[in-house]
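Here is a short walk through one protein chain, element by element. Have the structure open and follow along as we go.

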Amino acid sequence: MRLHVTGLGYSSGGTSGADSLWDGLIAKSSSLRHHSRPSGKRFLSSVPARVPLDRYPELGRRTRYMDDQIIYATTTALDCAEAMSIRKLSSQDHLDPSDIGVIMGTAFAQIGFGIKQVMKVVEGRPKRISPRTGMAFYFGSSVGEISCALGTRGENCAVTTGSCIGSDALDLASQTIEGGRNRAVLVGAAEAVPLDLLVDYCADSLTFCDTEYEPFSARRTGFAPSNGGAVIGVEDPRVAVERGATPLASVTAIGTLNAGRALFSRDARIDAEYRRLITGLVDRARIGLSDIDLVIPTADGDPSTTDSELAAVTGLLPTARGLIYTPNPITGYGISFSIITNIITAVLCLRHQQVPGLACSAAENHEEWFVGDDTEDRTIRNVLILHRSLFGSRISGLVLSAADG
């Protein structure tokens, strides 16, 4: 089912709003900063900047009980609702509060806080709560806060599926709209990664994190923990037309495959799974392989993922017509809410008919796939976005098309 994207919300570090994100990509600027760790290593991460809460009076005094992750999720959702013209539902003629749902997720929701809550249950053994119930309540709290702030009463869902949260949330949203349970959905992810816990763990346990990462640099290995939130608004195209919403792009296909047999590996099996995913997405989008103009790949920084995706794209997509593909996402490597950020970036590329310049070396014999340091004007009709779960066994993807396509 085709879904119209009618709103964007983004906040990370010093960047607030989709337009600010685009300006940063064009200027090759970044809100990431170095953080020195007790382990002796330095990592880049977005600065956990405080959100200007005076812009969100509907949140009232509840913000004193919110942690950073929930604030990021809620405020970016409110920004997205503003862009969709549904922040004030009382002025809506075509969308009832029961028509609008919220599907929100996180990969690492304040991991230190979560562990403390589980330990209270394990050590105290209270009779009326289980660790599963306690964590489910926490992971779903941003969904509840957004729904309360906007006054929506549609079908809601919290998504806690590792680093696939964005694609899974969008897939769920499409199902609720196709099934008539929602007519519009705010879809997103947010994160506030506790550096002292997560990053030091990564330094000892995940070898590909031991790197000097810089956005827009040829030394693009490893990843940067992300702090912030990203939300897109999707709705039934008929509803969008009825209420005069501005379609920014269309989601024309979504898909996920279980690649458990090839977890953390690079071999013919995972390459074949990627080819199966891409061909399935193209078929569902009712386009040809030659109609893909831009490919935005996974953002986990694992070389095996990069190699597998490159092998699949090389074997399937024709290069002569000016396809743009880089082995690195346009916004740089970043865990957590990165796929929603990639979707927003794809929408911006479609809107501006441009691709921000990228400093990275081309694959052998495929120099024409890559954009140089300068932003390039390019006709873009269809964007393929790929994603492999960093801590899971699934690969997913979607096709984003020009709204009038």
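## A strand covered on both faces

In this predicted model, strand β14 has cover on both of its faces. On one side sit N382, L384, L386 and R388, and on the other V383, I385 and H387, all of them buried. In a regular strand, side chains alternate between the two faces of the sheet. For β14, which runs over residues 382-388, seven of the seven residues are buried, so the strand is largely enclosed by the rest of the structure.

## The partners of β14

Which strands pair with β14? One is strand β10 (residues 294-296), which joins β14 in the parallel sense over three bridges. If you want a place to look, find L294, whose bridge partner in β14 is V383.

Another is strand β15, made of residues 394-401, and here the pairing with β14 is antiparallel, over seven bridges. In this pairing, R388 stands opposite I395 of β15. R388 also belongs to the buried residues of β14 noted above.

## Helix α11

Now turn to helix α11, residues 338-352. Does its length or its burial tell us something? Let us take both.

Just after α11 comes Q353, which takes a positive phi of about 55°.

Is T74 buried or exposed? This residue lies in helix α2, which covers residues 68-84. Its relative accessibility is 0%, and because buried means under 20%, T74 counts as buried.

Which residues touch T74, once its neighbours within four places in sequence are set aside? They are L59, S142, E145 and I146.

## The chain as a whole

Stepping back, the protein chain has 11 helices and 15 strands. Of its 405 residues, 59% are buried. Among contacts with a separation of 6 or more, 78% are between residues 24 or more positions apart.

Note on methods:
Residues numbered from 1 in each chain as written. Predicted model: local features only at pLDDT ≥ 70, side-chain atom pairs only at ≥ 80, totals over all residues. Heavy atoms only, no water. Helix = DSSP H or I, 4+ residues; strand = E, 2+ residues; numbered from the N terminus. Expected span 1.5 Å × (residues − 1). Buried < 20%, exposed > 50% of the residue type's maximum accessible area, 1.4 Å probe, protein only. Contact = heavy atoms within 4.5 Å. Pairing = 2+ DSSP bridges.
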